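Visitor: Hi, I'm new to this one. Could you walk me through it?
Guide: Happy to, just ask away.

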Amino acid sequence: MELRSGRLLCSTQQQQVRSLEDLGPDHISALPDDLLLLILARLRCVVTAARTGILSRRWRNLWTLLSALVFRNVKYSSLEPALACLVSPAAISLLDIHIPLMRRRRDHWERWHGSVVDVYLDAAGVTSLLLAAARLEPEELVFAINSNVTGSHVEVPYFRRAASITLKSNTFITPFHMPAGVEFAALDTLSLSCSITGLDDLISRCPRLRVLRLKVSTKNNLVIVHSTSLQELFVDSRGRTDRLDIAAPVLRQLTVSLNPYVGINVSVLAPIVEMISWYCCYVDASVPIGFGGWRLIKLMLKMAARQGQLPSLRIHADICSSCFPGQLANFKREIKKHMVAVFSDLELHLTTGGHVFGAFVFHLIGMNRIRRAVRRLKVILGGSKVKEECPKNCLCHPRDWEVQTITLIALEEVEIDGFEGVDHEVDFLKLVCRASLTSRILFEMDFATCCPCLTVFNGMLSLFYVQMEGSEVVIGEIDVETSEWLPAWKIELVEDGEQLNEQTTNLYMLGEK
């Protein structure tokens, strides 16, 4: 068989041509452009869409008409020429560019470990690529860099039509510099995971900004967010943050994660916020926060599981080898900074290592915001692997803390996990009972082991212990003078542990004897 070019086909090639002719006309290529573009859009990859051009001349350059352009696993040097192919593009709804990690083989003279080394991108080249992206005027921009960038900064151009902008970088060394003097009138959602300059100025020029996600390192270690339109704010501060300043009068949802090196200045003005999640970790702090022998580990504000309930304040602390004499006022100021919302529950996670915790908790619950607001107090006691013997003059045990008096206005319920019934733990329970203004507070303990249960009924303090004896639960009283065990009730063990707890709780709530 002879082709028009004069070239002869072998018998095998002739059979392949006949088989293609037997298939009949290409009905897919006969579809209108709109349907073909829907097929290419489902590929979610510009490279794959472009490769369909080998199927038919009808498909060639069809990808340039796509409204959603996703560039993944494309060579960095090919990105800008690919964008230049879109000379007269249709309205671009999405432009998603991911620059992969650039590596090359190590030259024999380079003193590097391993066979490959990272390739650094020039900031001017990245700026040029962003300028090419801005000429397409996408409604949504996603720009992510997985390679390192060298240079003073990356200049971000003005995206006039963008309602959503996402900038990501795996390095926080070279900052992104946002354009000055222009208003992002259409911007609704802004997500930044990079080092950035001019953040506060940028936010002030986004009059319709509704959602802001920040995982940033900023100049001067300041995160300042002032917006009259913002409704959702997510802050995950990278590196050192010395100040967090939020003023958003219509903010509904706030999520913050901080890792300060030293104490942090916090200012939050969000009067109608409904959902809040606040986390601050002091593990990497260059100057530990604490007093006595106690060190602050982390602090959280968490929403309640049920809608309509107030958040809970959670504080984690442990005994450490360092001492913090005279630091009580500074410790309280640091805790107070994070009370950015009204809460009703206080949950303390304490790693005691055998030390006295009552004085530490006494100072915490004595803070004005806490003693006026807390309805439920939960203390979780955790011991270290090696328990220390608390010396007589240990800073964890200041003089006369057991007889101090505070007033817990709203306290209704106390739960203690890890209670062993030693003297200083009982002293703490008595202190809490004296502090409560209610005629009865409920103490919940772990029923799996011998543990105390305490109730106040009509002003009378009674201390009870619960023990498991075979198939029975024995509830008894401890004689305060002789410390003698006095069994009082016996309850048959039921299969449902929750039912057992409910029955036992009812007994000591009612104060029957």
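Visitor: Where is serine 164 found?
Guide: Serine 164 sits in strand S9, residues 164-169. Helices (H or I, at least four residues) and strands (E, at least two) are DSSP runs, numbered from the N terminus. This is a predicted model in which local features need pLDDT of at least 70 and side-chain atom pairs count only at pLDDT 80 or more, while totals for chains, interfaces and linings use all residues. Residues are numbered from 1 along each chain as its sequence is written, and side-chain values use heavy atoms, with hydrogens and water left out.

Visitor: Is serine 164 buried or exposed?
Guide: Serine 164 is buried, because its relative accessible area is 15%. Buried means under 20% relative accessible area, exposed over 50%, and partly exposed in between (1.4 Å probe, protein chains only).

Visitor: And what is serine 164 in contact with?
Guide: Leaving aside neighbours within four places in sequence, serine 164 is in contact with Glu139, Glu140, Leu141, Leu187 and Thr189. Contact means heavy atoms within 4.5 Å.

Visitor: Let's zoom out. How many helices and strands are there in the protein chain?
Guide: The protein chain has 11 helices and 30 strands. Of its 513 residues, 44% count as buried. Among contacts between residues at least 6 apart in sequence, 49% join residues at least 24 apart.

Visitor: Back to strands, then. Which strands pair with S16?
Guide: Strand S13 (residues 211-214) runs parallel to S16 and is joined to it by four bridges. Strand S18 (residues 253-258) also pairs with S16 in the parallel sense, over five bridges. Two strands pair if DSSP finds at least two bridges between them.

Visitor: Which face of S16 is covered?
Guide: The covered face of S16 (residues 232-236) has Leu233 and Val235, while Glu232, Phe234 and Asp236 are on the uncovered one. In a regular strand the side chains alternate between the two faces of the sheet.

Visitor: What about the open sheet, in what order do its strands come?
Guide: Three strands form it in the order S15-S17-S19, with parallel pairing. The edge strands are S15 (222-226) and S19 (265-269), each of which pairs on one side only. Neighbouring strands of this sheet are turned by 5 degrees against each other on average, direction ignored. Axes here are lines fitted to C-alpha atoms, for helices over the stretch in contact, and angles run from 0 to 180 degrees between N-to-C directions.

Visitor: How many bridges link S17 and S19?
Guide: S17 (residues 243-247) and S19 pair over five bridges. In S19, leucine 269 is the bridge partner of alanine 247.

Visitor: Now helices! How do H4 and H5 pack?
Guide: H4 (residues 76-84) and H5 (residues 123-134) pack at an angle of about 30 degrees, with their axes 9 Å apart. That makes H4 roughly parallel to H5. Angles under 35 degrees count as roughly parallel, over 145 as roughly antiparallel, 65 to 115 as roughly perpendicular and the rest as oblique.

Visitor: Which residues meet there?
Guide: Tyr76, Leu79, Glu80 and Leu83 in H4 meet Gly125, Val126, Ser128, Leu129, Ala132 and Ala133 in H5. The buried residues of H5 include Val126, Leu129, Ala132 and Ala133.

Visitor: How do H7 and H8 pack?
Guide: H7 and H8 (residues 358-365) pack at an angle of about 55 degrees, with axes 11 Å apart. That makes H7 oblique to H8. Leu328, Phe331, Lys332 and Ile335 in H7 meet Phe360, His363 and Leu364 in H8.

Visitor: Tell me about isoleucine 335. What does it touch?
Guide: Isoleucine 335 lies in H7, residues 328-337. Not counting residues up to four places away in sequence, isoleucine 335 touches Leu296, Leu299, Ile315, Leu364 and Met367. Isoleucine 335 is buried, with a relative accessible area of 1%. Leucine 299 is 36 residues away from isoleucine 335 in sequence, and the two are 8.0 Å apart in space, C-alpha to C-alpha.
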